[in-house]
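Please open the model in your viewer and keep the sequence at hand.

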Amino acid sequence: MIVFGVALLSICLILGMLIGEALGVLLGVDANVGGVGIAMLFLVFASNSDALKALTQGAAGDGIKFWSAMYIPIVVAMAARQNVAAAVDGGVLALVAGVAAVVVSFALVPILSKLGNPKTPSFDSEEAS
Amino acid sequence: MDIIETVFLRNSLVVAFAVIGVTIWISYFLADKLTNGRIHGSAIAIALGLVAAYFGGVATGGNTGVADVALFSGIGLMGGGMMRDFAIVAAAFGVHLSELKKAGLAGVISIFAGVIVSFVVGAAIAVMFGYTDAAAITTIGAGAVTYIVGPVTGEAIGATDAVITLSVAAGLVKSILVMIGTPLVARYIGLDNPQSAMVFGGLMGTTSGVAAGLAATDPKLVPYGAMTATFYTGVGCLLGPSILYFLVSGIF
């Protein structure tokens with residue numbers, strides 16, 4: 001049943017959100033701390049578990065795959081509802097601060113990737129050649 | 001006209017599915033014919049979405065882009081936080097646990113590095129623009145972290161409304177630039193494997209930016225980047241009004 005997979009996905013998200021919200025309260029932060037990330041971990045564990053096979057394979061798995069495939073359309077809708085006008089109106093300071101933060105962060109990606117896994121760069125260069 | 005409006009309003013979410021579907025079809029067609037597949041179809045679709053959002057915002061004066069136009073209100077629901085998170089979690093289906101473990105430590109480091117680096121850059125720019133008040137500098141720095149961390153920090157430390165608005169604008173610029181810029185720089189920063197995607201998510205942090213930027217680069221990388229990005233805002237809200245504010249007040 002397709003709905004079993006959808007229900008599993010929903011339960012993972014709700015549990016993750018509850019934990020993220022609780023973490024926020026514990027830390028005294030007015031935000032959900034990693035709720036979505038925790039929900040993703042639950043789904044990864046569920047899809048690797050033999051006990052939950054009935055909920056992640058066959059038709060039930062298709063229920064999860066459908067929402068996974070809807071990801072890009074949803075992201076396009078998300079882009080269409082951003083407050084772009086406010087970003088443009090923010091003036092030079094907002095523009096410079098935003099752009100500079102992105103440029104510096106982009107530059108750090110290769111450095112930190114190497115730090116975490118020294119093998120990654122050689123793997124990349126093999127692919128490139 | 002009345003009939004159209006009634007039908008569109010009553011079926012807003014269905015209208016959104018149709019509008020987004022047609023937009024994506026056009027985008028993939030353009031990507032294929034005009035750029036020979038060099039630019040990803042979803043990158044064009046996201047760019048079209050942002051352009052539509054700009055005009056929607058200008059036309060209505062609202063703050064949810066094209067979703068403020070009554071006929072397209074369903075896009076607000078379809079692209080809202082609930083559906084976004086639901087689809088992001090679904091994208092984790094099929095992720096390998098071993099990949100997550102490999103990049104785990106680098107992912108965690110990247111979250112803290114990302115928050116601190118963005119904050120320092122934003123704060124430095126605020127100083128360059130002549131701000132000398134610690135609350136204002138901290139709030140603008142926090143806005144460069146994400147557009148959620150900015151106002152959360154600003155309200156906690158008592159920044160003025162104008163500064164808080166500025167911090168939101170800085171965060172929006174960051175988020176939009178990540179959406180557009182990621183597919184363009186992906187090759188140069190080695191963004192082609194799960195590990196670098198996790199580091200990328202942790203460094204950028206803006207969930208919307210990372211989600212859209214990776215989708216336009218390689219959809220397979222999305223779950224890895226999103227996984228770390230969702231912790232970033234929480235860490236930012238934790239550090240902004242506390243340690244980072246104390247440090248800034250120590251200097252100014």
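**Before starting**

This is a predicted model, in which local features need pLDDT of at least 70, side-chain atom pairs count only at pLDDT 80 or more, and totals for chains, interfaces and linings use all residues. Residues are numbered from 1 along each chain as its sequence is written, while chains are lettered from A and ligands numbered from 1 in the order in which they are written.

**Stop 1: chain A**

Select chain A and display its secondary structure, which comprises 8 helices and 0 strands. Helices (H or I, at least four residues) and strands (E, at least two) are DSSP runs, numbered from the N terminus. Of the 129 residues in chain A, 50% are buried. A residue is buried if 20 or more other C-beta atoms lie within 10 Å of its own, exposed if 12 or fewer, and partly exposed in between, with C-beta atoms placed from the backbone.

Next, colour domain 1 (1–82) and domain 2 (85–123) of chain A separately; such bounds come from an automatic or database domain assignment. The centres of these two domains of chain A, taken over C-alpha atoms, are separated by 27 Å.

**Stop 2: chain B**

Now select chain B, which has 13 helices and 0 strands. The C-alpha trace of chain B spans about 60 × 45 × 30 Å along its principal axes. Of the 252 residues of chain B, 61% count as buried.

Colour domain 1 (2–79) and domain 2 (97–251) of chain B in turn. The contact between them takes 6 residues from domain 1 of chain B and 7 residues from domain 2 of chain B; two residues are in contact if their C-beta atoms, placed from the backbone, lie within 7 Å. Taken over C-alpha atoms, the centres of the two domains of chain B are 26 Å apart.

**Stop 3: where the chains meet**

Display both chains together. Here 97 residues of chain B are in contact with 67 residues of chain A. On the chain B side, helix H10 (residues 161–185) supplies the largest share, 13 residues. That side has 67 nonpolar, 25 polar and 5 charged residues. Ala, Val, Leu, Ile, Met, Phe, Trp, Tyr, Cys and Pro count as nonpolar, Asp, Glu, Lys and Arg as charged, and the others, Gly among them, as polar.

**Stop 4: the core**

Which residues have the most contacts inside the largest nonpolar core? Select A:Leu43, A:Val75, B:Ile46, B:Val89 and B:Ile140, in a core of 135 residues. Helix H13 (residues 222–251) of chain B gives the most to this core, with 14 residues. A nonpolar core is a set of buried Ala, Val, Leu, Ile, Met, Phe, Trp, Tyr and Cys residues joined through C-beta atoms within 7 Å.

Centre the view on B:Val89, whose contacts include A:Leu9, A:Cys12, A:Val36 and A:Leu43.

**Stop 5: a loop residue**

Finally, select B:Gly80, in the loop between helix H4 (74–78) and helix H5 (81–91) of chain B. B:Gly80 is partly exposed, because 16 other C-beta atoms lie within 10 Å. From C-alpha to C-alpha, B:Gly80 and B:Thr217 are 22 Å apart in space, and they are 137 residues apart in sequence.

Key:
Lists of a residue's contacts leave out its neighbours within four places in sequence.
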